[in-house]
Amino acid sequence: MHAPRLSHLFLSCIAATVLVPAPAAASSPDLIGLEHALSKLVAERSGDYGIAALDLRDGSTVSINGDTPFPMASTVKLAIAAAYLGEVDQGRRSLGDMIVGRPAAKVMELMIIRSDNQATDQLLAALGGPGAIQQWLSSQNITGIRMDRTIAQLLRERGHLADSRDVATPVAMVTLLNKIDNGTVLTAQSRTFLLELMSRCATGTRRIRALLPAGTRVEDKTGTLDGITNDVGFITMPDGRRVAVAVFARGGRDRQPVIAQVARAIYDRFADSVRNAVSIFMQMR
């Protein structure tokens, strides 16, 4: 076989297995195996889990309890950051604006990387409080996310496991992630700024990142309350495709290791797409 024809066959093989859009449904044939694996994984653990993953290249999705509301905890800080950056993009604010004596860029850095609650409430106050975030979510047609309280108010109260306030469904959270990524709500400059902060998240090394191969790029934001452990963000696969992931965990034990196992199962499924394409190509040589 001539080299040009061989190259064409290889590229065609990759396209057939990786680039062709799949149905955007959890029950699509390509993702049934992953859905079953995730269901089995969380069924064997105590507590409740909500999972959603969205392939940003072709729109295919998989979810477990994807439409069930879970307490967001600090994952709500992504919505706060996006709302502020949206106003920067519209010229109403800047990252140089001073918020309680610090530039907004520094306040946002503390909020995303360190999950600093005081910095979060300062940025939130500058925007107009929880109601302003809810209004922003509605303006972006993002349903399934509800913000009711400041972080200080949230921490003063108890009963988070059964709370119906400050909640999001996993599907709604990956919808927010998708809009952040695809330019729907942020300019390229603001998107790059936020993703760079998320890539340096220092609070979740034992969650989505924990079991992924060394060097895997992750941009995430964690959330933690009594009995609540969350992690949401983006995982980049070896071929460059990116997957938005939201994992919410409520009650039970060992929530962080389970989140790590869920993320690894998602990674393995999407990374296998390229490996399978290469294997088919080698068999046809």
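**Helix packing and buried sites in a predicted model**

Alanine 73 is buried, with a relative accessible area of 5%. The model described here is predicted. Alanine 73 sits in the loop between β3 and α3. Its phi is positive, at about 50°, although alanine 73 is not a glycine. Most residues other than glycine have a negative phi. Asparagine 65 is another non-glycine residue with a positive phi, here about 55°. Asparagine 65 belongs to the loop between β2 (61–64) and β3 (70–71). At 41% relative accessibility, asparagine 65 counts as partly exposed.

The protein chain as a whole gives the setting. Its secondary structure comes to 10 helices and 10 strands. The chain has 285 residues, and buried residues make up 49% of them. Contacts between residues at least 6 apart in sequence were also considered. Of these, 65% join residues at least 24 apart.

Helix α4 comes next. Seven of the 10 residues of α4 are buried, so the helix is largely enclosed by the rest of the structure. The buried residues are Ala104, Val107, Met108, Leu110, Met111, Ile112 and Ile113. An α-helix has 3.6 residues a turn, so residues three or four places apart point the same way. The buried residues of α4 pack against several elements. Three helices are among these partners: α3 (77–89), α5 and α9 (188–199). The strands β4 (98–99), β5 (102–103) and β8 (218–225) are partners too.

Two of these helix pairs can be described further. Two packed helices are described by the angle between their axes and the distance between the axes. For α3 and α4, the axes come within 10 Å and cross at roughly 160°. An angle over 145° counts as roughly antiparallel, and α3 and α4 are therefore roughly antiparallel to each other. Their crossing is left-handed. On the α3 side, the contact is made by Lys77, Leu78, Ile80, Ala81, Tyr84 and Leu85. On the α4 side, Ala104, Met108, Met111 and Ile112 take part. By class, the contact of α3 with α4 has nine nonpolar residues, one charged residue and no polar ones.

The second pair is α4 (residues 104–113) and α5 (residues 117–127). Their axes come within 8 Å and cross at roughly 130°. The two helices are therefore oblique to each other. Here too the crossing is left-handed, as α4 passes α5. Val107, Met108, Leu110 and Met111 in α4 meet Ala119, Thr120 and Leu123 in α5. The residues of this contact divide into six nonpolar, one polar and no charged.

Leucine 78 is buried, with a relative accessible area of 0%. Beyond residues up to four places away in sequence, leucine 78 touches Ile112, Leu177, Ile180, Met198, Lys221 and Val232. Isoleucine 180 is 102 residues from leucine 78 in sequence. In space, their C-alpha atoms are 9.2 Å apart.

Strand β9 (residues 228–236) holds threonine 229. Threonine 236 lies in strand β9 as well. At 5% relative accessibility, threonine 229 counts as buried. Threonine 236 is also buried, with a relative accessible area of 18%. The cut-off for a buried residue is under 20%.

The surroundings of the two threonines can be listed. The side chain of threonine 229 makes a polar contact with the side chain of arginine 255, at 2.8 Å. Leaving out residues up to four places away in sequence, threonine 229 touches Arg207, Gly223, Val247, Phe248, Ala249, Arg255, Gln256 and Ile259. With neighbours within four places set aside, threonine 236 is in contact with Thr216, Arg217, Arg241, Arg242 and Tyr267. Threonine 236 and valine 218 are 18 residues apart in sequence. Their C-alpha atoms are 6.5 Å apart in space.

Conventions: Residues are numbered from 1 along each chain as its sequence is written. This is a predicted model: local features need pLDDT of at least 70, side-chain atom pairs count only at pLDDT 80 or more; totals for chains, interfaces and linings use all residues. Side-chain values use heavy atoms; hydrogens and water are left out. Axes are lines fitted to C-alpha atoms, for helices over the stretch in contact, and angles run from 0 to 180 degrees between N-to-C directions. Helices (H or I, at least four residues) and strands (E, at least two) are DSSP runs, numbered from the N terminus. Angles under 35 degrees count as roughly parallel, over 145 as roughly antiparallel, 65 to 115 as roughly perpendicular and the rest as oblique. A crossing is left-handed if the near helix is turned anticlockwise from the far one by less than a right angle, and right-handed if clockwise. Contact means heavy atoms within 4.5 Å. Ala, Val, Leu, Ile, Met, Phe, Trp, Tyr, Cys and Pro count as nonpolar, Asp, Glu, Lys and Arg as charged, and the others, Gly among them, as polar. Buried means under 20% relative accessible area, exposed over 50%, partly exposed in between (1.4 Å probe, protein chains only). A polar contact is a pair of N or O atoms within 3.5 Å; within protein, one must be able to donate a hydrogen and the other to accept it, and residues adjacent in sequence count only if both atoms are side-chain atoms.
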